[in-house]
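Biologist: Can you walk me through this one? I'd like to start with the charged side chains.

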Amino acid sequence: MREVFRNELDDLATQLVGMSTKVLEAIRLANQSLHSNDLELAEQVIEADSVIDNMQFTLDQQAAEMLALQAPVAADLRAVIGSLRMSASLERMGDLARHIAQQVRIRYPESAIPDLFEPTFVRMGESGEKIAEATQSLLSNPGLSAVPTINSIDEELDELHLSVFGKLGEAPAGSLAPRHIADVTLLSRYYERFGDHAVSVSQKVEYLLTGNWEPYLSKK
């Protein structure tokens, strides 16, 4: 019975890696569609989001059954509950990639990014991909070494998010239409939240490895 349970825990971990891999693919394609104004790529991201949603449903259903039938305690209970919470964060990261792609679709054939903001969003896209890569790596090979990297990239995204508002304030009067302001504000927020959810995943891994809530609470 114990071996069966351990196999089920391993399967949850494998599913989380699969979700993080799909999220990494989604943000890469969303970035490409945004900067090349590629409607076809944007549609791919939007349609593929249902795959991540279904992966979350499958994982959560399995985890709920394990809680009901196996009644795990201590570290095993943390692992099952942590898997549930991490799947929610990964699903939300997939949603945010979809939101970026949807913004491309809404504005097409016009670009969703005014020229003034292109360099900033190139950097945000790069940071988004890096933090998705670090998250996928963390789940593939759990350990604490990737946690500072994820936190550092999240801080970069926070700073870039704030810089968007600075550029909005510096833009000459009348140079930006209301739709431009709405677009860059939304897109910046999507990237900033993408980083926050990656940090949430890393915090859950850190908690599972150490059993210590203190690092998690200090970052709230």
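**Salt bridges and a helix pair**

Modeller: Asp-49, Arg-92, Asp-95 and Arg-98 are joined in a network of salt bridges. Bear in mind that this is a predicted model.

Biologist: How many salt bridges does the count come to?

Modeller: The count comes to 11 salt bridges.

Biologist: Why would such side chains pair at all?

Modeller: Side chains of opposite charge can pair when their charged atoms come close.

Biologist: OK, give me one. What does Arg-6 form a salt bridge with?

Modeller: Its partner is Asp-76, and the closest N and O atoms are 2.8 Å apart. Arg-6 lies in helix 1 and Asp-76 in helix 3 (residues 74–107), so this pair ties together parts that are 70 residues apart in sequence.

Biologist: And Asp-76, buried or exposed?

Modeller: Asp-76 is buried, at a relative accessible area of 10%. The cut-off for buried is under 20%. Arg-6 counts as partly exposed, with 35% relative accessibility.

Biologist: What about Arg-28? Which side chain does it meet in a salt bridge?

Modeller: Arg-28 meets Glu-133, at 2.9 Å from N to O. Arg-28 sits in helix 1 and Glu-133 in helix 4 (residues 118–140), so the pair ties together parts 105 residues apart in sequence.

Biologist: How accessible are those two?

Modeller: Arg-28 has 33% relative accessibility, so it counts as partly exposed. Glu-133 is also at 33% and counts as partly exposed.

Biologist: Now Asp-196 and Arg-193. Where do they lie?

Modeller: Both are in helix 6 (residues 178–210). They are three residues apart, about one turn of the helix.

Biologist: Changing topic: helix packing. At what angle do the axes of helix 1 and helix 2 cross?

Modeller: Roughly 165 degrees, and the axes come within 10 Å. Helix 1 covers residues 2–36 and helix 2 covers residues 39–70. That crossing angle makes helix 1 roughly antiparallel to helix 2.

Biologist: Left-handed or right-handed crossing?

Modeller: Helix 1 passes helix 2 in a left-handed crossing.

Biologist: What residues make up that contact? How many are nonpolar, polar and charged?

Modeller: The contact of helix 1 with helix 2 has 18 nonpolar residues, nine polar and three charged.

Conventions: Residues numbered from 1 in each chain as written. Predicted model: local features only at pLDDT ≥ 70, side-chain atom pairs only at ≥ 80, totals over all residues. Heavy atoms only, no water. Axes fitted to C-alpha atoms, helices over the stretch in contact; angles between N-to-C directions. Helix = DSSP H or I, 4+ residues; strand = E, 2+ residues; numbered from the N terminus. Parallel < 35°, antiparallel > 145°, perpendicular 65-115°, else oblique. Left-handed = near helix turned anticlockwise from the far one by under 90°. Nonpolar A, V, L, I, M, F, W, Y, C, P; charged D, E, K, R; others polar. Salt bridge = Lys/Arg side-chain N within 4 Å of Asp/Glu carboxyl O. Buried < 20%, exposed > 50% of the residue type's maximum accessible area, 1.4 Å probe, protein only.
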